[in-house]
Amino acid sequence: MIREACWDERMLDITYTDANETVSNRRIWPLSVVFLDRSLMLLAYCTLRQGFRKFQLHRMANVTATEAYFRPRRVPLLREFLVE
């Protein structure tokens with residue numbers, strides 16, 4: 001579902017637990033699933049933090065595809081993410 005949301009440029013609602021075990025609900029714009037630091041991660045734009053974030057897939061829960069899209073911004077956003 002996550003890869004599909006990347007390709008469809010569909011926003012996701014997730015519950016995420018960070019390294020400090022803080023739980024937050026977020027709406028994200030998924031850009032790409034990658035293998036970094038020995039784990040699968042999702043590169044995304046987080047609307048809560050208003051910036052680019054890396055989310056470890058194993059820390060994501062309650063992933064729900066929304067009816068909202070961020071089309072056609074995926075490719076420019078991914079380029080911007082990779083430049084930072």
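This is a predicted model: local features need pLDDT of at least 70, side-chain atom pairs count only at pLDDT 80 or more; totals for chains, interfaces and linings use all residues.
1. Let's start with the largest nonpolar core, which has 13 residues. Its members with the most contacts to other members are Ile2, Leu12, Ile14, Ile28, Leu42, Phe55 and Met60. Two or more residues come from each of α1 (2–8), β1 (10–17), β2 (23–36) and β3 (39–46).

2. Leu12 is worth a look in your viewer. Leaving out residues up to four places away in sequence, Leu12 touches Ile2, Ala5, Arg26, Arg27, Ile28, Pro30, Val63, Thr64, Ala65 and Thr66.

3. Helix α2 spans residues 74–83, and its buried residues include Arg74, Leu77, Leu78 and Phe81. These lie on the same side of α2, because they cover an arc of only 100° around the axis. In general, an α-helix has 3.6 residues a turn, so residues three or four places apart point the same way. On the other side of α2, Arg79 and Val83 are exposed. The cover over the buried residues of α2 includes α1, β2, β3 and β4 (51–56).

4. Is Gln56 buried or exposed? Gln56 counts as buried because its relative accessibility is 17%, and the cut-off for buried is under 20%. Setting aside neighbours within four places in sequence, Gln56 is in contact with Tyr16, Ser39, Leu40 and Met41.

Technical notes. Residues are numbered from 1 along each chain as its sequence is written. Side-chain values use heavy atoms; hydrogens and water are left out. A nonpolar core is a set of buried Ala, Val, Leu, Ile, Met, Phe, Trp, Tyr and Cys residues joined through side-chain atoms within 4.5 Å. Buried means under 20% relative accessible area, exposed over 50%, partly exposed in between (1.4 Å probe, protein chains only). Helices (H or I, at least four residues) and strands (E, at least two) are DSSP runs, numbered from the N terminus. Contact means heavy atoms within 4.5 Å. The arc is that of the directions from the helix axis to the C-beta atoms.
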